[in-house]
Amino acid sequence: MPDAVVIGAGPNGLVAANLLAEAGWSVEVLEAQAEPGGAVRSDRGVHPDYVSDLCSAFYPLAAASPVLAGLNLSQEGLTWTHAPRVLAHPLSDGRCAVLERRSADTAAGLDALTPGDGRAWLDLHDVWRRVGPDVISALFTPFPPVLATARLASRLRSAGGLRLARSLVLPVRRLGEEEFRGEGGRLLLAGNALHADLAPETAGSGGFGWLMAMLGQTYGFPVPVGGAGQLTAALVRRLQRYGGVVRCGQEVTEVVVRGGRAVGVRTAQGDAVSAHRAVLADVSAPALYSGLVDEKYLPARLLADMRRFQWDFATFKVDWALDGPVPWTATDAAGAGTVHLADGVDGLTRFAAQIATGQVPDRPFLLFGQMTTADATRSCAGTESAWAYTHVPHHIKGDAGPDGLSGAWDQREQEAMADRMEEEVERWAPGFRSLIRGRRLLAPPTLQRLDANLYNGAINGGTTALHQQLFFRPSPGTGRPETPVKGLYLASASAHPGGGVHGAPGANAARAALHGAFTESLLSRARRTLSLRDRSGDRA
């Protein structure tokens, strides 16, 4: 019987398992898919000569994460690499806003677009240099991050106090208008905010856009050499080195509870796997509380909260094998690993408004990845392994475009949506479609089949909006990995601090499990001591 069973071999599950195994626990990880990794996998499914990442691809949060740094995965063979430029957002006039590797270069580019905006960028970066380390510490520390928050509060006072706090809760449209005279700097912030489900007019989108932009400025948007799957492979190798076991093709259908305590799991094959100390669930909060755990063990209020749980946007992704580099009109986009495609901040607002009203956007905002530009091992020289994703509503009421998309996502609808995305790329890179050697379509239900945590293609484990963050994540009054069932811990992106590949939810769950077991051990010893004293007194 292992000390712990971990449900799910995504990055959070593997991080949790690694920390438990390193602490001396025996750990068994059960994964429903045929291979580990969750949303961190790669293959040659588009074309045998091209490595493609199935889901996630660029990892600024991994680069910043003290959790992953502590695992020292370079010892397991993991190597990171970068594109020459971090991110680009072409403008309609052929110019381009570029997030460079060096802040001075980013500023110079913004100044060339609009004089004075380079100084504004450096001012934002200077704020980050003062408060960034404490922001990261607070973000990746178990909730509530008391010490990190105290340090951050002190830093905030020296960096502008309430005025800075106000800036961080602003909508990103307003923050961009206050900080920059021109469109370039505004787009670098607003496009980064829409890496989550935060429209330009959403409160707090300014802080998130600033955070992602500054992470890119500080750490870049690195990728694992050889594909996203190399990050997973390194985590698995490390776990195995500490004696942990990963079993794939093992879908967990039930968390077994006895006496109010999680004592193991049951799989779809009917196998029971017992856990001596803890069960850690790298699954979404709705899947855990509305499926794996019998509702009789859960408070009625929590069950009601799960009916109000809000997912982030659904996602549609296309992978391409290209015969040549993307022919961008804005030539500065050629060296960027990530390219944002939208016609200004107004285009981002229009896109988000269409999703909010249940319409499939007619001009989708695209996050476009040039993987061979970032990592030369992904395809032959002179070619490009590329992808793009966009968002669509979960519940589609209509199609703002001409194709009558309904959300059935049959073959016709998938092909039509992929064509729409390619037409958008063509607007910014004429001739793009002539380079396509092969493509793969990943509609919302396809992404969910690849990883059940990607519900309908939601990639962040729940909305990033303020009403479902911190002590509201995954429901009001929580914010920690402990659950109402003793010995059961939520270890997925549905827990604080949320989505992204950084390992913090898994690490938080592992630390909570270790602390819980230690506390139980102390209480058990105290009870035995008292019992021995009582028996000794009786004999006297």
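Predicted model: local features only at pLDDT ≥ 70, side-chain atom pairs only at ≥ 80, totals over all residues.
**Notebook: a surface patch, a buried Gln, some rings**

I started at L470, which counts as partly exposed because its relative accessibility is 42%. I placed L470 in the loop between helix 17 (444-450) and strand 21 (488-490). What does L470 form with F471 and F472? I get a nonpolar patch on the surface, with about 250 Å² of accessible area for the three together.

Next I looked up Q370, in strand 17 (residues 366-370). Buried or exposed? Q370 is at 1% relative accessibility, so I put it down as buried. A polar atom of its side chain lies 3.1 Å from the backbone oxygen of A333. Leaving out residues up to four places away in sequence, I listed what Q370 touches, including F58, W328, A333, E384 and S385.

Then the rings. I count 14 aromatic pairs. W311 and Y455 are stacked, because their ring centres are 4.8 Å apart and their planes sit at 25 degrees. W311 is in the loop between helix 13 (300-307) and strand 14 (314-322) and Y455 in the loop between helix 17 and strand 21, so this pair ties together parts 144 residues apart in sequence. I have W311 as buried at 15% relative accessibility, and Y455 as partly exposed at 35%.

I also checked W320 and F432: centres 5.1 Å apart and planes at 90 degrees, so the pair is edge-to-face. W320 is in strand 14 and F432 in the loop between helix 16 (411-428) and strand 20 (436-442), so I noted a link between distant parts of the chain, 112 residues apart. Both W320 and F432 are buried. Which residues form one aromatic cluster? I wrote down W320, W328, F368 and F432.

Terms used
Residues numbered from 1 in each chain as written. Heavy atoms only, no water. Patch = residues over 30% accessible without salt bridge, like charges linked within 9 Å, V, L, I, M, F, W, Y side chains within 5 Å. Areas by Shrake-Rupley, 256 points an atom, 1.4 Å probe, with all protein chains shown as cover. Salt bridge = Lys/Arg side-chain N within 4 Å of Asp/Glu carboxyl O. Helix = DSSP H or I, 4+ residues; strand = E, 2+ residues; numbered from the N terminus. Buried < 20%, exposed > 50% of the residue type's maximum accessible area, 1.4 Å probe, protein only. Polar contact = N/O pair within 3.5 Å; in protein donor to acceptor, adjacent residues only side chain to side chain. Contact = heavy atoms within 4.5 Å. Phe/Tyr/Trp six-rings, centres within 6.5 Å; stacked < 30°, edge-to-face > 60°.
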